[in-house]
Amino acid sequence: MDGVTKIVIIGGGPGGYEAALVAAQLGAQVTVVEREGPGGACVLTDCVPSKTLIATSVRKQALLDAPSLGVHFSGGEDGDVGGVLADMPLVNKRVKELAQAQSGDVAARLAAEGVEVIKAEGRLVDPQRVRAGDRTVRADVVIVATGAHPRVLPGAEPDGERILSWRQLYDLKELPEHLIVVGSGVTGAEFAGAYRSLGSEVTLVSSRDRMMPNEDADAAEVLEEVYRRRGMNVMGRSRAASVKRTEDGVVVTLEDGRTAEGTHCLMTVGMIPNTAGLGLEDNGVRLDKNGFIEVDKVSRTSAPGVYAAGDCTGVQMLASVAAMQGRIAVWHALGEAVQPIRLATVASNIFTDPEIAAVGISQKQIECGDIEANVVKLPLATNARAKMQGFNDGFVKLFCRPNTGIVLGGVVVAPRASELIFAVSVAVQHRLTVDQLAHTFAVYPSLSGSIPEAARRLTSPLSVDI
């Protein structure tokens with residue numbers, strides 16, 4: 001196979017397998033080294049399982065909310081509607097089976113493209129050799145896509161029974177009676193909401209003034225209000241110092257001396273890159289102070305011929321970003337036309353209920369004076385379809401340039417906001433104006449109709465920030 005570029009990818013998650021598919025389609029000889037299985041942790045333990053669990057919780061919450069639409073159940077006990085109970089062994093069985101099925105789909109796709117997959121630990125011997133188990137594989141190009149793992153708080157080490165990381169939740173035999181979630185970022189907010197809807201009593205321990213401090217403040221406020229209304233105990237300004245097991249549960253001690261007691265504790269306090277022991281620094285690959293691989297906008301590391309993609313780079317911990325970084329790495333390595341990654345066009349979603357989706361600039365950038373923009377926020381409660389479906393919480397927010405009306409970004413808080421944000425993403429990606437959005441047909445009635453409606457308000461010379 002003289003003249004064929006040999007690419008070795010360490011890690012089979014989205015950053016790895018998407019890079020492998022593109023490389024194979026471009027005629028490269030591709031080897032993926034993955035220790036857990038095709039799809040990596042994203043498919044097997046993280047994104048796919050968590051979103052499957054959340055989808056189940058959303059269905060149950062819909063049943064709990066049904067009486068407000070005139071649908072009543074009978075035969076239930078107090079505190080539950082019509083005996084709607086979560087069968088956790090069955091729920092978790094489905095979660096695991098779906099993850100394995102998705103991993104199988106990835107494996108089949110890689111095999112169809114002629115990609116070799118080695119199930120082993122990968123390690124960089126030098127920029128042109130990768131050690132995979134007992135094999136050494138030569139490469140013209142190496143892509144490191146090893147992901148990250150849950151951070152462990154000293155004094156709160158998970159035991160897999162009462163003190164848990166999110167990767168251990170699916171081994172529980174029953175629904176936690178009282179789940180204490182430590183950490184109110186995206187992961188903590190998602191799991192806290194899911195388990196509350198499934199029927200657990202939930203206490204969310206947040207070290208900051210509000211949930212999800214790095215997200216849109218209006219969106220976080222809506223979600224926290226929803227959570228409190230559903231009976232969740234949200235403890236703000238409460239940093240956990242330690243978590244200890246008791247005879248039949250856990251006790252979380254806060255730094256101010258207060259305690260919270262429950263049956264189980266879920267730790268969601270960040271991620272650590274999987275970069276230790278890979279031989280990276282020994283071969284000229286620079287890491288930052290937190291252990292993330294430093295990359296440029298075409299995924300190159302500081303070592304010639306070595307690229308990196310995904311959570312191990314810390315660029316944005318999203319599967320979509322990992323996949324794009326992997327594709328860009330291959331395109332660049334093989335001399336294809338490539339555009340550097342544009343993080344300003346990345347759409348993100350928080351799979352809470354309601355969901356929170358965003359793209360482009362943020363409200364905080366506007367308030368800090370970094371970017372000048374007009375803003376409109378349209379409450380979801382004014383949307384006809386939302387009224388029909390009983391959705392009262394949420395909004396559509398759009399940002400545009402004052403003079404040209406070019407759409408700079410937006411935030412959607414609504415059921416399936418992950419689907420609704422796409423229209424705003426297209427506008428940001430292609431520099432559409434609010435006038436163009438305003439003149440685009442939307443189905444009536446539909447939740448997506450709030451997007452052109454918000455745009456129409458921004459086109460009006462009388463529009464003001466609301």
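1. Let me start at Arg208, which sits in the loop that runs between strand S11 (201-205) and helix H6 (217-229). Helices (H or I, at least four residues) and strands (E, at least two) are DSSP runs, numbered from the N terminus. Arg208 counts as partly exposed, because its relative accessibility is 42%. On this scale, buried means under 20% relative accessible area and exposed over 50%, with partly exposed in between (1.4 Å probe, protein chains only).

2. A word on the basis of these points: this is a predicted model, in which local features need pLDDT of at least 70 and side-chain atom pairs count only at pLDDT 80 or more, while totals for chains, interfaces and linings use all residues. Residues are numbered from 1 along each chain as its sequence is written, and side-chain values use heavy atoms, with hydrogens and water left out.

3. Arg208 also belongs to a positive surface patch, together with Arg151, Arg239 and Lys364. Patches are made of residues with over 30% relative accessible area and no salt bridge, like charges being joined within 9 Å and nonpolar side chains (Val, Leu, Ile, Met, Phe, Trp, Tyr) within 5 Å. Lys and Arg count as positive and Asp and Glu as negative, with His and the chain ends not counted.

4. There is a negative surface patch to look at too, formed by Glu174, Glu177, Glu201, Glu247 and Asp248. Glu201 is part of strand S11, and with a relative accessible area of 44% Glu201 is partly exposed.

5. On to the salt bridges, of which the count is 24; each is a side-chain nitrogen of Lys or Arg within 4 Å of a carboxyl oxygen of Asp or Glu. Please have a look at Glu190 and Lys51, whose side chains meet in a salt bridge at 3.0 Å, N to O. Glu190 lies in helix H5 (residues 186-198) and Lys51 in helix H3 (residues 47-65), so this pair ties together parts that are 139 residues apart in sequence. Glu190 is buried, at 5% relative accessibility, whereas Lys51 is partly exposed at 24%.

6. Arg230 and Asp353 form another salt bridge, with their closest N and O atoms 3.6 Å apart. Here both partners are in loops: Arg230 in the one between H6 and strand S12 (233-235), Asp353 in the one between strand S19 (347-350) and strand S20 (355-360), so the pair ties together parts 123 residues apart in sequence. Arg230 is partly exposed, with a relative accessible area of 23%, and Asp353 is buried, with 18%.

7. Within helix H12 (residues 450-459), Arg457 and Glu453 are four residues apart, which means that about one helical turn separates them. They form a salt bridge whose closest N and O atoms are 3.3 Å apart. Arg457 is partly exposed at 35% relative accessible area, and Glu453 is partly exposed at 26%.

8. Last, the cysteines: with a disulfide taken as a pair of cysteine sulfur atoms within 2.5 Å, the count is zero. Cys42 is in no disulfide, and its nearest cysteine sulfur, that of Cys47, is 4.5 Å away. Cys42 counts as buried, at 18% relative accessibility. Cys368 is in no disulfide either, the nearest cysteine sulfur being that of Cys400, 19 Å away. Cys368 is exposed, with a relative accessible area of 52%.

How values were computed: Accessible areas come from the Shrake-Rupley method with a 1.4 Å probe; for residues, only the protein chains shown count as cover. The place of a charge is taken as NZ of Lys, CZ of Arg, CG of Asp or CD of Glu.
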